[in-house]
Structure formats: C-alpha cells, structure tokens
Amino acid sequence: MPYALTKSERLTSQLVIEKIFAGGNASMAAFPLRIVYMQMEKQGGEDVTGEPLASILVSVPKKRFRHAVDRNRMKRLIREAYRLNKHILWDALEGKDFRLALAFVCITDTLPTFYTVNKSMKKALTRIAERICVNDNPDKL
RNA sequence: GCAGCCGGGCGGUCUGUCGCUGGCGGUUCGCAAGAGCCGAAAGAGGAAAGUCCGGGCAGCACAGGGCAUCCCACUUCCUAAUGUAGAAGCAGUCCGUAAGGGUUGAGUAAUGCAGAAGAAAAUAACAACAGCUUCGGCUGAAAUGGUGAGAAGGUGAGGUAAGAGCUCACCAGCGGCAUGGUGACAUGCCGGCUGUGCAUCUUGGGAGCUGCAAGUUCAUGUAAACCACCCGAGAGAGGGUAGCCCGCCCGAGUUGACGAAGGUCUGAGCAGCAAUGCAACAAGGCCGGGUCUCAUGCGGUGGAGGGUAGAACGCUAGAGCCAUGGGGUGACUCAUGGAGUAGAUAAAUGACAGACACGCUCUUCGGAGUGUACAGAACCCGGCUUAUAGCCCGACUGCUUUC
RNA sequence: CGGGAUGUAGUACAGUUGGUAGUAUACUUGGUUUGGGACCAAGGGGUCGCACGUUCGAGUCGUGUCAUCCCGA
C-alpha cells in the first residue's frame, strides 16, 4: 500500500498550521505550486506505529479560482500527485529522528493538467529529499 | 420544410488500475475504549448557486389591551406558509406581423407639493379674436398660437358679433339601472357634463429577536483567579437606659489672610488648675454616618470575563419521492400501492488509460479531427431569480412548397 | 456555511423629502518670486460599479447582476 493517503497524514491542528506560515521555514516554488515545509519532533515513543513520517496540507486561494468547482479540482490534482510520488520523500525520511510538515499552496490562475502537476511534484519532492540529507550529514560529522 | 413562441422532460454510458469518505460484515491487537487489515455494496445538482421570500427546528424574551413604528394591498383560489411567492383570471400600458412576452394595479374625503420653461400648474387669460371706444381702455369668449410630462374631455357638424358640451353624432371617463360572471370586470340602456402626477393621509390585513458557527453534552485547564451574597470557625470597645445618653470607629463634608508656588503672618480654636504646649493639606470642634467590623476558608450560590480548537449529539425518513386511479382549467388535493444507507468538518465523492454514444467539420465513404455546457452538498423543506453545450415530447404562430 | 455593509473626478469623501452632481487634495494655465515652495486667480476632468424597470424626470425608489470589505463556535 505505498500509494495510500489517509486522514492521519493531513494537517488539521491550527497550532501547527500557524507555525508553518509564521515564517522562518524553508520554502520553494515549483510552478504551479509553492511548498513550505518544517521539521517536527516525533511525538510519543518509537513504538507509535500509526504516526506517519510526513503530514501535508493543500491550499488553493479563492482569489485565484473563483468557483468552488475549480478549487476542488486543483486540490484533488495536488493530492493525487503527492499520493503517487510520496515514496520519494518517505525513502529519505526512513530512519531519521524527525517528521516533516508540508504545505502546498497553489500559485497559478489557470487550471493545469495532471501531467504538469505530477512533473513539478516529482521535482519538488526529490529536491526536498536531497536537502534533508545534506542538512543531516554535517550534524553527524 | 424553415424560422419562432409557450409548457414539460433529460442533461452522458461502460471497462480496467490506483486512491478518498461514512456506515455494514469478518478478522488481528487490546481488560476496555479504540486502532490496524480484508471484503462486498453506497457516495453532488437542476440549478447543490444567489440568499430575494416563506415554513419547520432551536435558543432567548413574553400577563391582557391600545397607540406609535415597519411591512403588505386588482379578483378568486391553493398551501405548513401571513408573501412585490404560486395557480387561474381581470384591467391599463409597452414590445412583437403573430403565437406570445415584459411591467403596473386598495381608496382619494381632507391637506400639501409640482424645479426650469410658460400669461397661468388651478378662484386661469400673454398674444391673437369679436363688439364698443373719449384710442387711455372697457366688455365678451376661451376655438387658435407658443411653453410643458401635464393647459380645464377628443374628433366632426350645427350654432354665433367672436366663441363656448351651447346643441347633436361617435369615442374616452364618471354615476345609475339591467343582464352575464363566485369575483376583479364585461356588454347594453339612461343621465348629467368631466384636469395630471406624487406624498401625507384613510381603509383593511400582518409583524417578538436571533439563527445549526442556533443549541446541548463531555474532556483538558489557568484555578484554591476576580466580584457579590450566604454559611462555618476565630478575633476585638463597649457600657448604662423606659426613650436615649456617653464612649469608640469612619468621612476625599465644613472651618483664615498674602503669594504662581516654596513659604510667611494671624491665632479662629483645642488640651491643661496653671505656666505652657498644639494649631489652619493638620489637631480639635461642628456636621453627617456607623456601633458590628476585620481577617480567613481545597465551603456553597450567583455574576461577569479570559483561554484551549479536541470529541459527541443536533445530522438526515422528510408538510419527502415515484407509479396508478378519482376530483380540479390549474396551483394542488384524495385514495391505493411501491421503493428507499451522500452526510464531509483545513471539509470525501477523485486520477490515469481505453471503448461507446451524441453534435460539428473534412472525406478517397474505410474513416480522421474536434467538441460534450453551467456548475460542487454543509440543518432540512416549498417558491422565486440567475447560469446552462446539446437533445426529446406536446400545444400554437408566421413564411414558403405540394396535394 | 450563516449574517451584514459599501461601490460617486487620479485619490479620500459629501450629496435627508426624486428636479442643473459637489468639497478637499492632486492636475493644467496665469499671477506673485532672481528661481522654487507656499499663496492668489481661473480652468479642465464623472458610463454616479453594470443592466432593466417605476416616473415627465433616477446618484437617490424597485428588481437582477458584478466586485470589494466586515462579523459569527
């Protein structure tokens, strides 16, 4: 079941969301998306199996898509792209002592196709995975 | 056949792979709560939209009546629904050759207003008209001209000095009668002779406020917070008396002059047997008030807040839907029968691939290309409005062709 | 999702009872000054968000529509 995306993998806590957008966190643009991510300490102990390695949040502003239909469509595309490509990120996070909180913000005015969203999602996730490894190595040295 | 108009209906289908949401069944872990996994079914609309109305439901408020305020207003009917809602009509007006469509609609007794223009916006008379004239004007009349949205019913004929509903015919309006209609009204006859719009007003009817983020329950927690009252224990200035008095306590109340102020002067007054001392932001007096107050408590009740953003109920079977038959022009209604799990909460209903269907274009008639709208539930219903590719059914209108 | 408000000159705002659309600032021209600013005088600039209706006449009244903003556990 590598392609699942359950409810526990979604960010719902207002505290965490405010922290992410408060500033100081790494962010990157991969048109048509902007991604903000933050490292979080693992809650509980090692035996907590239900806790996912990364949680996400999708945001499509009303300013860019006026109709609810288009906003829903965009969110579904982003979720689908993450679902199919999250193994890139999870492989990098395996064995690390922190988890990741990600926020995807839409920054386009026209509805893209699934092909473009999927492509930029792959690119973005691989770049994040690289950055995590780079940050991790100096600490060990 | 083409174009149009009205009413009603539909508004893509199937397969595969990977997912999402809630419930159901099974299973693993767990004392339990619950968590994971597996399975087979279910999972956006005609407008879910706008929020323009109405109702259910919920909380708060509430003796009864009147006034004020606000809303509604052709007729009859329908409904849970009181309405610029709905149905079927009526009248006026505008658009269209027409089928039709848009829009307006209680009453006018009284009062007020009507800019600019115009002589005058309601006790009419500027020019022009007619008669008389002392040429200053007077009298008559309201057809003609100009202004205006609106000028004292309209058109024509008779009539007259000139004119005029002064008289007549037709038309519009008003009143009365008759007939038809449940009714708004329509038609006919008769009568006298008639200005427009708006507001106040009058008449009749209606209206408590807020909205599911309503409202209810649980958990976490600042917290033994704060304020008020009550209660329990404790401490101390009370005593005498019939009223009341003394003592004690409290007061940002009152009690000089000069100066901006620091301050200086006076000594009102007080204490004391007296010397003397204190003395004007003070003491003391006068006046007013109290005689129970203070401190304290894992105590009780109530009040008014701040914070947390977790869970559950409300939450989907409802004035509901479909079919047949009866009633009604219709909205709708009655009877019988039938089917029936969308319920999210940083918010599911999706992604990709392929096939089909339908429309359009091209065509070598094999096919190829391209398009398939408007739009996404959030407590639930009824109505309205707005957006909408394409298609189907029925009634009707115009033009054309054939018989 | 529910409730509410506002659209007027480049900008910020007035405009009660329907009757010639205004104020401040900015802009243009002229004056004043050696020059600039300030000051004085004159002037231009408006689809009253859009469409339809009511009315003789709509910024104002009614309906629809578009945009912006605020409040609600």
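**View 1. G95, just past helix α2.** Just after α2, G95 adopts a positive phi of about 90°. Helices here are DSSP runs of H or I with at least four residues, strands are E runs of at least two, and both are numbered from the N terminus. The model is predicted: local features need pLDDT of at least 70, side-chain atom pairs count only at pLDDT 80 or more, and totals for chains, interfaces and linings use all residues. Residues are numbered from 1 along each chain as its sequence is written, while chains are lettered from A and ligands numbered from 1 in the order written.

**View 2. Helix α2 from end to end.** Helix α2 covers residues 68-93. Its 26 residues should span 38 Å at 1.5 Å a residue, and the 35 Å between its end C-alpha atoms agrees. The expected span is 1.5 Å times one less than the number of residues. At N85, α2 bends by about 50°. That bend is the angle between axes fitted to the seven residues ending there and the seven starting there.

**View 3. Buried residues of α2.** M74, L77, I78, A81, Y82, K86, L89 and A92 are buried in α2. A residue is buried with 20 or more other C-beta atoms within 10 Å of its own, exposed with 12 or fewer, and partly exposed in between; C-beta atoms are placed from the backbone. An α-helix has 3.6 residues a turn, so residues three or four places apart point the same way.

**View 4. W90 and A124.** W90 lies in helix α2. W90 counts as partly exposed because it has 15 C-beta neighbours inside 10 Å. A124 is 34 residues away along the chain, with 14 Å between the two C-alpha atoms.
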